[in-house]
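Here's a quick tour for anyone meeting this structure for the first time. Have a look at it, and then we'll walk through a few spots together.

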Amino acid sequence: MEEPGEEKLCGKWSVGCGFYNNNLKDVFTWRLVKTIALGQVLSLLICGTAVSCQYLAEARVETPVLQSLLNYTLLLLVYTTVLSTRKGDRNLLHVLKTNWWKYLVMGLADVEGNYTAVKAYQYTTLTSIQLLDCFVIPVLMLLSWFLLKTRYRPIHYVAVMVCLLGVGAMVGADVLAGRDQGSTSDVLLGDGLVLLSAVLYAVSNVCQEHTVKKLSPVEFLGMMGLFGTLISSIQLVVLETHAVAEVKWDLKIVLLFAVYALCMFALYSLMPVVVQMTSATAVNLSLLTADLFSLFCGIFLFHYTFSALYIVSLVIIIVGFIMFNAVPTYSALSESSSDETDLVQRAADPSADHINNEDLFLRSYCTSTIIQKPSHKLLLLQM
C-alpha cells in the first residue's frame, strides 16, 4: 500500500508537470481531437503545395516569388476587401494609420521566410533542410516566452523532444532509402538560408498568434494580403522577371499554379483558426508531419522508395503533438495578475491565513513565477 507521503510527492510532481488528474477523459477531449485533425489538414495542404512544386520543378519552372504572390493576392482580394468594408475603429484605414509599420515587418518576415526556404533547396541537401527547419520550434518557444509571456510545463519540453525524435526517424528513413538529396553546390549557404527562414517564420508566427488572439484573424489575413502582395510584387520585378518570361504556359502549368495558390490560400485561412485554439508552437509541431505526407504521395507519384520508418516517424510525431496539447500552457501575465489579486484579498480578509504551508509550496511549485508587476507593453507586438 502506498504511503501518504509518497502519494503527496507524486501529486506535487504530477501538478508541476501539468497532470492535474489521471482521468483520460479529461485529457483526450473533443477539443484535442479537433486540434489534431485540423493540424493534419494543415499538413495535407502543405503536402499539396509540395506536390505541385515538384511537378513545376520537373517542368523547369522556378518562380517561388510568383507562386507566393498568387497566394497573397487571393488574401488581398478576400480578407483585405472584408477589412476595408468594416465600420468602426478596426477598419482598414484606421489599422494603416496606427499600425502600418508593424504589419509591414510582419509581412516582410513572412514573404522572406517563404523565399529563403525555397532558395535553400538550390544549395544544400534535403536532409539538412529537414533537420535545420525544426529550428523554428525552439525559436518560437523562446520568442513566445519573452514576447507573449507564455510559460511551458516540463511535459511540453518532453513533447517537443518526442516530435524531433520523429523527424530524426524520417530523415534516417530517407538516408536508408537512398532518396535523392538534391543540390550540394554550397551547403554552408544553404544551411544558413534554412536557419534564416526558420527565424523569419518564428517571428511571423508569433506576430500571428498575438494578432489573432488579441485582435482578429480577419485583420491579420487582410494586412498580410496587403503587405505580402506589395512586397512580393516588388521582389518579383527585381528578381524573377526573366524566369517568368521563360515559363512555357499551357493548361497543365496553369493548373499547377492554381493548385499551389489554392492550397496556400486555404493554409493561410485555416492556420489562424488552429492558432486561436492552441498556439503557434503547437501548430508548427503538427506541421512536422507535412514532409511525411509528401513522402507518401511521392511513393505513388514519383516512385520514392517506401520505408517502415516513415510510419514509425508519423506515429512518434503525432504522439508528441498529443502530449504537447494534452496539457495547456499558461501566461506569466495572468499568473502574476492572479497572485496580486490574491494578495489584496488576503489583506482584506485575515481569515484567509489558515492556508497551510504545504498548499503554498504546491502552488509555488506549479506556477514557478515570482509575484511582480507585469509589463503592459509587448515590444513590437502590442497592437
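At what angle do the axes of helix 4 and helix 5 cross? Before we get there, a word on what you're looking at: this is a predicted model, where local features need pLDDT of at least 70, side-chain atom pairs count only at pLDDT 80 or more, and totals for chains, interfaces and linings use all residues. Residues are numbered from 1 along each chain as its sequence is written, and side-chain values use heavy atoms, with hydrogens and water left out.

**A pair of helices**

Back to the angle: helix 4 (residues 64-84) and helix 5 (residues 92-120) cross at roughly 160 degrees, and their axes come within 12 Å. Axes here are lines fitted to C-alpha atoms, for helices over the stretch in contact, with angles running from 0 to 180 degrees between N-to-C directions. Helices (H or I, at least four residues) and strands (E, at least two) are DSSP runs, numbered from the N terminus. Helix 4 and helix 5 are therefore roughly antiparallel (that label is for angles over 145 degrees).

Who's touching whom? On the helix 4 side you'll find P64, V65, S68, Y72, T80, L83 and S84, which meet L92, D110, V111, N114, Y115 and V118 of helix 5; contact means heavy atoms within 4.5 Å. Sorted by class, that contact has eight nonpolar, four polar and one charged residues (nonpolar covers Ala, Val, Leu, Ile, Met, Phe, Trp, Tyr, Cys and Pro; charged covers Asp, Glu, Lys and Arg; the others, Gly among them, are polar).

Most residues other than glycine have a negative phi.

K149 is partly exposed, at 21% relative accessible area, while H303 is exposed, at 68%. The cut-offs: buried is under 20%, exposed is over 50%, and partly exposed is in between (1.4 Å probe, protein chains only).

**Two stops in helix 9**

V199 sits in helix 9 (residues 187-214) and is partly exposed, with 33% relative accessible area. Leaving aside neighbours within four places in sequence, V199 is in contact with F135 and V139. Its C-alpha atom is 9.5 Å from that of D133, 66 residues apart along the chain.

T211 is in helix 9 too, and at 0% relative accessibility T211 counts as buried. A polar atom of the T211 side chain lies 2.8 Å from the backbone oxygen of C207.

Methods
Angles under 35 degrees count as roughly parallel, over 145 as roughly antiparallel, 65 to 115 as roughly perpendicular and the rest as oblique. A polar contact is a pair of N or O atoms within 3.5 Å; within protein, one must be able to donate a hydrogen and the other to accept it, and residues adjacent in sequence count only if both atoms are side-chain atoms.
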